[in-house]
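Subject: Structure handover

Hello,

Here is the structure I said I would pass on.

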Amino acid sequence: MSDKKNRLAGQSEERLDQNDALPESDIENTSSHSKEQEPLSPTELLNDLLAGLEGGLQSSEQVVQQPGSASTDQLVEQPVLDAEMNSDNHAEEQTPSQTEIIEEAAAPEPADEPISTEQETEFEASEYEEGDAEENTTIKPVTETALTVSPNGASDTEGMTLMERAQYHARMRRREQTRLRRESAKRGASGAEIPYQAMTPMDMRFTLIRLAIAAIFLIFGVFLRQTGVGFIFYLIAYLITVLPIVVKVAHNFTHGKYFDEYLLIFIASLGAFLLGNRPEASIVLILHGVGKIASDLVLASTHKSLTKQTGFIPDHASVVNMQGEERQVSPNEIKIGDFVLVRSGERIPIDGIVLRGEGTVDDTVLTGDNEPVQISKNTKVLAGSLYTGSLLLLRAVARFDDCAFNQIMRVQEEGKERKAALEDSVAHGAARIIPIIIVLAVLLSIIPPLFNSGTSMANWIYRALTILVVCCPTALSISVPLCFLCGSGRLMQKGVHVKGSEAIEKMAELRMVVFDKTGTLTEGNLRVKEIHSTQDFNQESCLALAAAAEQFSQHPVARAVVAAYPSVPQKISEFEEFPGRGVRARIGNRNLLAGNRRLMVSRGVKGVPDIPGTVVYIAYEGEYAGAIVLEDTVRPEAADAIKELKNQGVLRTVILTGDTELPTHQAAEAIGIDTTHFGLQPEEKASKMEFLMRTIPTDGTAAYVGDGVNDIEELKMADVGIAMGVAGSQQSASATNVLVMSNDLTRLSDTLRICRRTHNIALQNMVIVILVKILLALLTLVGVAYMWQAVAADVLLAVLTVLNAARILGIK
């Protein structure tokens with residue numbers, strides 16, 4: 001078997017050599033010339049893409065480099081060797097005919113030779129069934145049929161009659177309802193809070209019909225109240241309206257929820273009916289039902305305005321190797337370096353770098369940018385974006401768990417359990433006050449008649465029942481959580497994702513913001529400004545030594561040095577990185593150092609000058625060889641963003657950076673930062689952040705803003721951790737409270753404005769509801785307000801506060 005693997009590896013190398021022999025410019029000229037003659041078929045297009053893949057990888061090598069990863073050539077060879085070895089292992093378990101097919105598929109072919117019609121027919125005839133595809137590791141060659149775009153979401157009811165299709169959809173709806181009920185029961189059994197669910201349109205229609213029938217019986221009862229039949233109509237109208245309330249109360253009792261609005265409404269309506277106020281008992285229940293429908297209509301329309309974050313990742317992705325063999329895999333099976341095909345109209349399954357193809361992507365749901373973005377070679381694309389254009393070939397640059405979409409989902413999932421103090425106090429306060437209100441109502445119906453003989457006990461009982469209706473917490477329990485939900489939805493539309501209402505409340509109280517510098521306040525695209533060399537080394541050799549030493553580091557300074565070197569860095573035998581200082585490498589038997597001045601001094605390198613700015617010093621065998629000076633550019637919107645933050649109440653802005661003094665002060669002066677702390681080691685940045693939070697007096701919260709790569713500890717430590725961009729991983733998503741999918745600093749001021757407006761509107765709703773209910777309670781005690789008026793006021797409050805919350809969605 002080892003001989004066969006060696007033979008297959010040799011064939012793979014021959015194929016790579018054949019691809020290398022054809023320059024990328026010749027490939028593009030050939031492709032354009034053939035395009036002038038006649039349009040390419042999908043199979044020919046794929047062959048053309050794969051023929052130019054080697055050139056595309058070389059040009060994009062400097063764009064993406066994973067920590068500790070191999071070179072580009074190794075990444076290119078690995079998928080081919082893995083596929084051929086898998087095919088070889090699987091061939092021993094297959095019949096001879098299957099083995100011949102595998103060997104024939106693995107045989108090298110010229111990259112520009114199209115697949116014949118007979119071969120396509122043979123490939124189509126040997127396609128596997130869906131169940132066999134999971135067990136069989138053999139990879140089929142790509143055919144023209146496989147490259148054809150098929151309509152998304154093919155109907156499962158194809159071939160059914162109209163009646164069968166209707167029955168099928170009805171059965172699917174019943175299954176979905178059963179699933180939702182089971183999930184709700186599980187959440188209730190586990191003690192978790194179940195969010196308020198608006199009625200479905202079908203439930204609303206059924207409720208309206210039921211209430212209309214009850215109103216008809218009530219009207220007949222009013223006209224026939226002088227006769228004995230009138231009581232029967234009153235009773236029927238009351239039963240029609242009260243039975244659903246009784247069912248709800250019984251359901252809550254069986255699930256351990258004893259005190260809620262339904263219990264208050266049931267007690268009040270039953271007491272009114274027994275006291276002889278039969279029309280009012282039914283009117284209270286009818287108004288309560290109409291109010292639920294009205295508030296749910298507004299609530300449902302508000303939910304539709306919120307951005308949905310589900311269903312944006314395809315179930316399958318098309319992964320290809322260098323031989324044009326395509327296989328369908330789940331997105332979480334894609335490895336870093338895999339080649340993925342995306343067709344027009346499909347969503348991108350993984351974060352990647354474009355190798356071939358041109359078009360546009362719509363990533364509104366991720367970044368909040370409403371305009372489609374034009375993409376071409378070397379452009380980074382995000383999983384979940386909708387692609388439109390020519391056949392796209394990209395290389396995965398992140399694991400599925402670390403892609404931008406999963407960072408968003410992780411933040412949203414963790415945010416479900418993190419409630420703002422205001423929202424939590426409303427939810428728990430409403431549940432705790434209901435039993436107190438019931439006890440007070442009982443006392444109100446008993447004690448006053450003992451001291452006031454002028455008012456009957458029935459009158460005081462009626463007032464006590466009205467107090468129960470007045471204290472119904474429906475409007476409060478809906479409107480305040482809805483404010484934070486609308487605020488979160490508005491932030492999503494801006495490409496900002498918060499970890500629950502707790503993050504919104506903390507952002508609303510923001511007073512101090514601490515920034516990382518490189519990549520946050522600056523572009524992060526460092527460029528070599530000048531090279532200082534000694535007599536023994538020229539500028540080219542200094543840059544070559546620095547690039548060789550830094551080639552495996554992921555620090556922005558190291559990436560800039562490697563990108564500035566025009567050739568492939570020399571191979572090294574050892575590599576060691578010192579966070580915040582630099583790296584040590586070994587070329588042959590020679591030691592090499594590249595880093596800041598602190599690293600040189602600690603290693604005993606003599607004669608190191610003190611050069612201002614961002615500098616990489618190079619030492620060869622313990623002797624100073626030279627220095628590379630780099631420069632970065634401050635983001636153009638940074639100054640306006642900092643000014644807007646201060647206008648919104650931020651009292652202090654700080655920079656924490658490992659960079660040197662001069663570039664830090666220059667950036668701070670250009671942007672308008674108050675305080676700078678430079679030359680910090682990673683562990684010193686965390687200590688400095690803790691010191692700032694303890695010593696700087698503010699009446700609010702402190703935020704740390706970084707890229708989520710080298711500042712996870714600072715993000716965890718701050719009251720509000722804000723990660724900018726999509727460079728982070730699942731660890732950074734867990735550490736942050738706010739995830740901003742864009743590097744645009746103006747999103748910070750937008751986020752602060754939306755969070756403060758959201759918190760203020762939530763406070764408005766709470767104050768309005770409490771004041772109105774206190775006023776109604778006082779009017780009830782003096783005998784001015786009636787029960788139906790209290791219900792009508794509660795309905796009106798619910799609708800008005802929900803509409804007030806919906807204003808958040810219009811914040812700019």
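The notes below cover the nonpolar cores, a surface patch and the salt bridges. Please keep in mind that this is a predicted model.

Nonpolar cores. The largest nonpolar core has 53 residues, and those touching the most other members are Val480, Met507, Phe515, Ile673, Ile722, Val738 and Leu748. Helix 19 (residues 474–493) gives the largest share of this core, nine residues. Leaving aside residues up to four places away in sequence, Met507 touches Val720, Ile722, Val738, Thr751, Leu752, Cys755 and Arg756. Another core, of 34 residues, lies apart from the largest one; Val249, Ala464, Val470 and Val791 are among its members.

Surface patch. Helix 11 (201–223) and helix 12 (229–254) each supply at least two of its residues, and the largest share, six residues, comes from helix 12.

Salt bridges. The count is eleven. Asp659 pairs with Lys517, with the closest N and O atoms 3.1 Å apart. Asp659 sits in the loop between strand 18 (652–656) and helix 26 (661–671) and Lys517 in helix 21 (residues 517–521), so this pair ties together parts 142 residues apart in sequence. Asp659 is buried at 10% relative accessibility, and Lys517 is buried at 3%. In another pair, Asp794 and Lys773, the closest N and O atoms are 2.7 Å apart, and both residues are buried.

Regards

Methods
Residues numbered from 1 in each chain as written. Predicted model: local features only at pLDDT ≥ 70, side-chain atom pairs only at ≥ 80, totals over all residues. Heavy atoms only, no water. Core = buried A, V, L, I, M, F, W, Y, C linked by side-chain atoms within 4.5 Å. Buried < 20%, exposed > 50% of the residue type's maximum accessible area, 1.4 Å probe, protein only. Helix = DSSP H or I, 4+ residues; strand = E, 2+ residues; numbered from the N terminus. Contact = heavy atoms within 4.5 Å. Salt bridge = Lys/Arg side-chain N within 4 Å of Asp/Glu carboxyl O.
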